[in-house]
Amino acid sequence: MDDFVQLLKKLSEARGPSGFEDEVREVVIKEMEPYVDEVVVDRWGNVIGVKKGASNYRAMVAAHIDEIGLIIDHIEKEGFLRFRPIGGWNEITLVGQRVWVRASDGRWIRGVIGSTPPHVTPSGKERDAPEIKDMFIDIGASSKEEAEKIGVVIGSIAVLDREFAVLNGKVVTGKAFDDRVGVAVMLYTLRQLRDLPVTLYAVATVQEEVGLRGAQIAAEKINPHYAIALDTTIAADVPGVGERLHITKIGKGPAIKVLDGGRGGLFIAHPGLRDHIVKLAREAGIPYQLEVLYGGTTDAMAIAFRREGIPAATISIPTRYVHSPVEVLNVEDAVNASRLLKIVLERTTPDIVDKFLDKKVK
Ligand code: CO
Ligand code: ZN
């Protein structure tokens, strides 16, 4: 358990907004290398760890290494940085935060998202949450020239600055648990895996938050016989939210996805693969929750409809306050997700996989 917490802390604190995942990628490569036969970094930066199994059947596991961030689109003459969101932020979580801005040479510099003090806010407006387009980052520069000298350019990217912390027992908080907890589950599972019936491709994907990009090319390249995405899911088990909209609760086990998606279309997890995962969880006595989430999706959607169709499902880790700097989860759910993934990978033999694939009718 402590090993898992250490791994999650390291991944959570690493800075890796979509498209600029370098720092996380380095951690992943180091953690993967001892446990796989080969590590490949593809053209867009996905890290693919290959662990050979007893057959040429291929299983793909995907967890995304990018986190949502901010991108500088204008520098004010007074030195303040204007920005746009990369991924889905709720603006009320941004005001008053410390950020890291990536300078053009790759250095990270500190900044804060400033706000107008209540003292000078017109009365009646004190409670209005500003829109992202009206916010600004203060890096302590007093002019545009100074900001540029520090290394900020149009297109510089920023992430929130937040330390990992234990709240109580196994409940922890930090930034980017979406999806560093999925990455931690994948890496932690690699440490425990013994002999596999099929060859495993463990993929740390890039640019999930901007449209499931990395998973698409990885799935095309690997063309797996089945795939599992690891990601966070909504746990809205908090005051003011009705039971139906909790989706999942923290501490009640990993979730096995039935359906998710939203504006981009719904995603139905492959029923055969999903039922197989449920069966293995029950047999092993691993707690689990079934999940129907209207809104948001995972790499599984991007993988499932490549090539001739790839049976894909998602194991998710219930997380509160997703896409905020204070995400909260129960480490036990993540460790149970890893136990479940290990069993799925070790027990899904080619004859079981064949049942998910094309069937001859005549
Ligand atoms: Co997300
Ligand atoms: Zn995610």
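Guide: Start with two terms. Donors are N, O and S atoms within 2.8 Å of the metal (3.2 Å for Na, K and Ca); water is not among the atoms, so sites may look incomplete. Four donors count as tetrahedral if all angles lie between 85 and 135 degrees; four count as square planar and six as octahedral if opposite donors are over 155 degrees apart and all others between 65 and 115; anything else is irregular.
Guide: This is a predicted model, where local features need pLDDT of at least 70, side-chain atom pairs count only at pLDDT 80 or more, and totals for chains, interfaces and linings use all residues. Residues are numbered from 1 along each chain as its sequence is written, chains are lettered from A and ligands numbered from 1 in the order in which they are written, and side-chain values use heavy atoms, without hydrogens and water.

Visitor: What makes the arrangement around the zinc ion (ligand 2) irregular?
Guide: Its protein donors are H64 (NE2), D178 (OD), D231 (OD) and D231 (OD), at 1.9 to 2.6 Å. The four donor atoms subtend angles of 51 to 143°. Tetrahedral needs all angles between 85 and 135 degrees, so the label is irregular.

Visitor: Why is the arrangement around the cobalt ion (ligand 1) called irregular?
Guide: The cobalt ion has the protein donors D178 (OD), E209 (OE), E209 (OE) and H323 (NE2), lying 1.8 to 2.7 Å away. Their angles run from 52 to 149°, which makes this arrangement irregular.

Visitor: Which residue bridges the cobalt ion (ligand 1) and the zinc ion (ligand 2)?
Guide: D178 does, and the two ions lie 3.4 Å apart. D178 sits in helix α4, and H323 in the loop between β17 (312-319) and β18 (327-330), so this pair ties together parts 145 residues apart in sequence. Helices (H or I, at least four residues) and strands (E, at least two) are DSSP runs, numbered from the N terminus.

Visitor: How do you know whether D178 is buried or exposed?
Guide: Buried means under 20% relative accessible area, exposed over 50%, partly exposed in between (1.4 Å probe, protein chains only). D178 has 7%, so D178 counts as buried. H323, at 18%, is buried too.

Visitor: What puts the buried residues of α5 on the same side?
Guide: In helix α5 (residues 213-222), G214, A215, A218, A219 and I222 are buried. They cover an arc of only 125° around the axis, which puts them on the same side of α5. The arc is that of the directions from the helix axis to the C-beta atoms.

Visitor: Why is the pair E31 and K10 called a salt bridge?
Guide: A salt bridge is a side-chain nitrogen of Lys or Arg within 4 Å of a carboxyl oxygen of Asp or Glu. The side chains of E31 and K10 meet at 3.0 Å, N to O, so the pair qualifies. E31 lies in helix α2 (residues 22-32) and K10 in helix α1 (residues 2-13), 21 residues apart. E31 is buried, at 15%, whereas K10 is partly exposed, at 43%.

Visitor: How many salt bridges does the structure hold?
Guide: There are 22. One of them joins D22 and R25, with the closest N and O atoms 3.9 Å apart. D22 and R25 are three residues apart in helix α2, so about one helical turn separates them. Another joins R320 and D237, at 2.8 Å. Both R320 and D237 are buried.
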